[in-house]
Every structure is written in structure tokens, then in C-alpha cells.
Amino acid sequence: MKPSQFIIVILLATFLASCAPISTTPEATTPQEIATSTMPAVTSTPAIAAGTSRQSETDGMIQLYIPTGKFPMGTQSGGDWIGEDELPLHDVYLDDFWMDQTEITNAEYQKCISAGECTPPHSIESETRKSYFDNPEFADYPVIQVDWEQAAAYCRWAGRRLPTEAEWEKAARGDTGRIYPWEVNEVGPYFANFDMDDNWPNADTSQAGSIPAGTSPYQVMDMAGNVYEWVADWYDAAYYSQSPAENPTGPAEGSSRVIRGGAWSSDALFIRSASRLPYYPDGFSNDIGFRCAQSNEEE
């Protein structure tokens, strides 16, 4: 090869090498670098905010989110109240759950009857109305005259359940131990439908959710007054002294179930969030209704 030809070959090889594509991705040199370079981005799911709402597809009820955590259950000794069954005051941890915004109404309960999953109330009357359950005027008022099993059957049909005592109380008072669902320590008809020595103007049920000033810290309504509410637990006056610190569900058996929240017929003593009363499960009254709850994992 002539010298001139050799020089041309060298120049051509240099030119071709300069035209080769250049990688813009650095080479991974360790297993950790390889894994990091191929791992997709991970985004965290935001926590549900307390009081977040959703609507049940079965009965249309608005449900409100109650977050995981502790709250003080019961009542301190030395107060100006109470029943011994509210002692001792104790911290309870609960998993998160959803609580119905209001008591179950006549219209909602009628849906369950129409579906063949509920039986009619034991009476269609309220305290002052001969026609109550079957009267469209009171469709959005709380259903009454139902026993414990009727209440439990409705919640099963709706894909929910009766709340435990602890769930009910936390939904009513929050995690700071309020005496009533509302923040201030005072009572009046502007907070709840209840009867103080027959002097308050209400002598019967009121429309569900019609007193917004009485909402709980989670925006749950009518947790004080209007109607007492069935909860899931059997009643035991001494249960608080031995109840579990996490997710208590009440005694394994008993003769009475618990009702909560007071009613239109109650004085201020019984609309406190810690108040609890026994009632025979096959009993019914014109001042007892219910609402449902749902564990978050039961969605």
C-alpha cells in the first residue's frame, strides 16, 4: 500500500469512529444501581380526612369517616351527673370506621320493607301523631317503634351493621372527651331536640339532621336527643372496669341491649355523650330509633 493510501485509510477510520452513536444513559455498575434505574416511581395514597363523606348505594345514607385512634370513653368521677355504669373514664383505641350522618328515617326503612328484608314497625304512631310511619309528611323523620333485631336487620340489608357502644361514643364526642357532641358545655333546643321538665317546645320527633348546631366533631348529626339509638352491645353496668383497651364489642351475652344519645323525651342528663341505658332487645318505643356503622375494610 502506498503511503498516501495508508493515510486515507487512517483518516476514514477516524471519521467513522466519530460518527458512532453515544449512549446518554450511564451504565449501572452495581445491583442496587440497576434496581434503582429500573424501579417505577411510587406514589403514596393520602389518608382519608376525618369527617369525609360518602353515600351508600343501598339506601342513600350519607356516611362520615371516623379515623383510627384513641378517645376517652365514660365519665370522670366527681361530676354533677350521672350513672355508675359510666365509670371509670378510660382510653379506648378504635380502628377507623364510617358512621351514618343521621338516624335511619321512615323513608329509608320503608325501602328495606319493600325489599323484603325488614318487617314493619310495631306501631305507625308517634307520641303526638296517629299517622307517622305511613305519612309522607314524616318521611325524613327517624323511624321509631322498632326493636333491636329489626334495627340489626336493616343495617345488614344496607351492607352495614349497628355501631358498637365505643364507636357510637367516639362519633358523638370526638377524641377530646366533650360532654355533648357540640363544643360548648351548655344545652338548649338550638343544639338538640330534648325535653327539660316538659318546658322545651318539642314533644315528639323532629326531622333528621334538622339541628346543625348540634353536630359532632365529625359532623354526625342528632347524636344527642331526637330518639335514643340502639347499638350492638349487650349491657353490663360494670363493663368499663374490664373492657378491652382496643375495639371493645361489649359483653358476650346479657339480657338487655344498650341505647344511646337521649331522645325528645329526655332531660339534659341523658343527652350527654357518655350516657348509657339498658333496654330489652325485644322492646320498642316511640322514642327509640337507630343508625348504622361500617368498618373501613368492609367497603
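## Aromatic pairs and covered helices

Tyrosine 180 and tryptophan 182 are both buried. That is one spot in a predicted model, and it makes a handy way in. The rings of tyrosine 180 and tryptophan 182 sit with their centres 5.2 Å apart and their planes at 5 degrees, so this pair counts as stacked, the cut-off being under 30 degrees.

Let's zoom out for a moment. The protein has five helices and 10 strands, and 46% of its 299 residues count as buried. If you take contacts between residues at least 6 apart in sequence, 72% of them join residues at least 24 apart.

Back to the rings. Searching the whole structure turns up 13 aromatic pairs. One to look at is tyrosine 154 with phenylalanine 290: the ring centres are 5.6 Å apart and the planes stand at 65 degrees, so here the geometry is edge-to-face. Tyrosine 154 belongs to helix α4 (residues 148–157) and phenylalanine 290 to strand β9 (residues 288–290), so the pair ties together parts 136 residues apart in sequence. Tyrosine 154 is buried, at a relative accessible area of 0%, and phenylalanine 290 is buried at 0% too. These two residues also belong to an aromatic cluster, which they form with Tyr109, Phe133 and Trp157.

Now follow α4 itself. This helix is mostly covered, with eight of its 10 residues buried: Trp148, Gln150, Ala151, Ala152, Ala153, Tyr154, Cys155 and Trp157. What do the buried residues of α4 pack against? Their partners are α3, β9, β6 (228–234) and β7 (257–260).

The axes of α3 (residues 106–114) and α4 come within 10 Å and cross at roughly 75 degrees. With that angle, α3 is roughly perpendicular to α4. On the α3 side, the residues involved are Glu108, Tyr109, Lys111 and Cys112, and they meet Gln150, Tyr154 and Trp157 of α4. Sorted by type, the residues of this contact come out as four nonpolar, one polar and two charged. Tyr109, Tyr154 and Trp157 turn up both in this contact and in the aromatic cluster.

Rings also have charged neighbours here. Arginine 257 lies over the face of tryptophan 148, 3.8 Å from the ring centre, and tryptophan 148 is among the buried residues of α4. A second case is arginine 276, over the face of tyrosine 240 at 4.5 Å from the ring centre.

A last stop is aspartate 100, in strand β5 (residues 97–100). Is aspartate 100 buried or exposed? Its relative accessible area is 0%, so aspartate 100 is buried. The C-alpha atoms of aspartate 100 and glutamine 63 are 4.4 Å apart, although 37 residues separate the two along the chain. Leaving out residues up to four places away in sequence, aspartate 100 touches Met61, Ile62, Gln63, Arg160, Val220, Arg291 and Cys292.

Technical notes. Residues are numbered from 1 along each chain as its sequence is written. This is a predicted model: local features need pLDDT of at least 70, side-chain atom pairs count only at pLDDT 80 or more; totals for chains, interfaces and linings use all residues. Side-chain values use heavy atoms; hydrogens and water are left out. Rings of Phe, Tyr and Trp (its six-membered ring) pair if their centres lie within 6.5 Å; planes under 30 degrees apart count as stacked, over 60 as edge-to-face and the rest as tilted. Helices (H or I, at least four residues) and strands (E, at least two) are DSSP runs, numbered from the N terminus. Buried means under 20% relative accessible area, exposed over 50%, partly exposed in between (1.4 Å probe, protein chains only). A charge sits over a ring if NZ of Lys or CZ of Arg is within 6 Å of the ring centre and within 35 degrees of the ring normal. Axes are lines fitted to C-alpha atoms, for helices over the stretch in contact, and angles run from 0 to 180 degrees between N-to-C directions. Angles under 35 degrees count as roughly parallel, over 145 as roughly antiparallel, 65 to 115 as roughly perpendicular and the rest as oblique. Contact means heavy atoms within 4.5 Å. Ala, Val, Leu, Ile, Met, Phe, Trp, Tyr, Cys and Pro count as nonpolar, Asp, Glu, Lys and Arg as charged, and the others, Gly among them, as polar.
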